[in-house]
Amino acid sequence: MPVLTNIATLYRCAAPGGQGALHAVDRAALVWEGETIRWVGAEAELPAAYAAAERLDAEGALVIPGLIDCHTHLAFGGWRADEFEMRILGKSYLDVARAGGGIASTMRRTRAASEDELFERCLGFLGEMARLGVTTVECKSGYGLTVEDELKLLRVYRRLAGAQPLGIVATFLGAHVVPPEYRDDRAAYVRLVCDEMIPRVAAEGPAEFCDVFVEETAFHADEARRIFAAARRHGLRPKLHVDQLGDGGGAKLAAEVGAISADHLEYTSAEGMRAMAEAGVVAVSLPLATLYLRQKPMDARAFLDAGATVAVATDFNPGSAPSFHLPLALTLACTMNRLTPAEALKGATRYAARAIGREDRIGALEPGKQADFVLLDAESVNHWLYHFRPNAARATYVRGRRVASATGP
Ligand code: NIG
Ligand code: FE
């Protein structure tokens, strides 16, 4: 039963007090047994029962719960650096998509990639994410857009869950865009999603959520309602990409369908924010996508004022957010979305866990929770997110085991 001591400050991220309350403990100790946290508190108050336990020296680090990236599109073929340049030279994200690029271009390369190729690539991404302090990753399908290619992506996620230490949570995003072969019959694609993809996904696993991209160029609200009705029948809970490029009433739709989260939300109205707060839908900010597409930032402060909880994630994908750097996303959530560093940290721990239905197991340092935590080389949460560095994480632990460290695991 290891005891981590000499922790300058530990942020428990307990529930009470809302988004900014981190429940800091100075000169702390953390005790775990196997995969589970047993005790957290001031080192001076360490119970006698743990006095003889194996000691690990945190050397004055900050300790935070393992970071949770609650929105990624982890498995995809190829990259789109050419589009990055095109957008800089003046083409919009939608211009690029209309010219056959964008999601459709990644779809072609994802269909062409083998399951093994995708698996190996994701394994590499996850290893790098672990070094940044990430311990759980939500992974969406959505670049296959045929029954078999969507299942291929979800199989990659199932294999990853068993092959490496980070937690993997899979989401089915067959309704990402209407693929080109259905351009003239979008109703037929919606039927394919509802009648073939969802039943197979539910039967073969491991997806727990069904996401829909609701936007003028993707799916409309009434199509999303049909897809979510099918998803509900098969036990998949709704998630949504909404209000990214304009206010399409997506936040109200998320409240109406009982989504666990709604993500992006750059253009959400005050009314939409209130609807989400009342329905308990977590608002997920994806500031890297806002930055790369040079859009109006999501107003996280207004979401908090409306009574909502806000999570922060990377949206890692080859188009709008080609980076899996969650600590960078947190710094941007402070500067662009006006979250305080404390609020941003709780948004990538406790509330990110809520956004993927895992608040009972991860996202906080409390007895009974999974021993997922990170040792940071920083003075305080404010200093960590203010002084952006390539990597402030000294070591990352998942289920009580060190899975990455600055000096080699
Ligand atoms: O979350 N908005 C839709 N999907 C992704 C972008 C995917 C892409 O550009 O490939 C997003 O931003
Ligand atoms: Fe996304």
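Pro206 sits in the loop that joins helix H6 (186–204) to strand S9 (209–213); helices here are DSSP runs of H or I with at least four residues, strands are runs of E with at least two, and both are numbered from the N terminus. The peptide bond from Gly205 to Pro206 is cis, with omega near 0°. Most peptide bonds are trans, and most residues other than glycine have a negative phi.

This is a predicted model, in which local features need pLDDT of at least 70 and side-chain atom pairs count only at pLDDT 80 or more, while totals for chains, interfaces and linings use all residues. Residues are numbered from 1 along each chain as its sequence is written, chains are lettered from A and ligands numbered from 1 in the order in which they are written, and side-chain values use heavy atoms, with hydrogens and water left out.

Two residues other than glycine have a positive phi to note here: Asn6, near 60°, and Asp243, near 50°. Asn6 belongs to strand S1 (residues 3–11), and Asp243 to the loop between strand S10 (237–242) and helix H8 (250–257). Asn6 counts as partly exposed because its relative accessible area is 36%, whereas Asp243, at 2%, is buried. Buried means under 20% relative accessible area, exposed means over 50%, and partly exposed lies in between, with a 1.4 Å probe and protein chains only.

The chain as a whole has 15 helices and 16 strands. Its radius of gyration is 21 Å, close to the 22 Å that the globule rule gives for 409 residues, so the chain is as compact as a globular protein of that length. The radius is taken over C-alpha atoms, and the rule is 2.2 Å times the number of residues to the power 0.38. The C-alpha trace spans about 70 × 45 × 45 Å along its principal axes. Of the 409 residues, 60% are buried.

The iron ion (ligand 2) is coordinated by NE2 of His71, His73 and His241 and by OD of Asp315, at 2.1 to 2.2 Å. Donors are N, O and S atoms within 2.8 Å of the metal (3.2 Å for Na, K and Ca); water is not among the atoms, so sites may look incomplete. Along the chain, the donors follow the spacing H-x1-H-x167-H-x73-D. His71 counts as buried because its relative accessibility is 0%, and His73 is buried at 2%.

Polar side-chain atoms lie 2.5 Å from an oxygen atom of ligand 1 in Tyr93, 3.0 Å in His264 and 2.5 Å in Ser320. The protein covers 100% of the 330 Å² of accessible area that ligand 1 has on its own, by the Shrake-Rupley method with a 1.4 Å probe; for residues, only the protein chains shown count as cover.

Technical notes:
A polar contact is a pair of N or O atoms within 3.5 Å; within protein, one must be able to donate a hydrogen and the other to accept it, and residues adjacent in sequence count only if both atoms are side-chain atoms.
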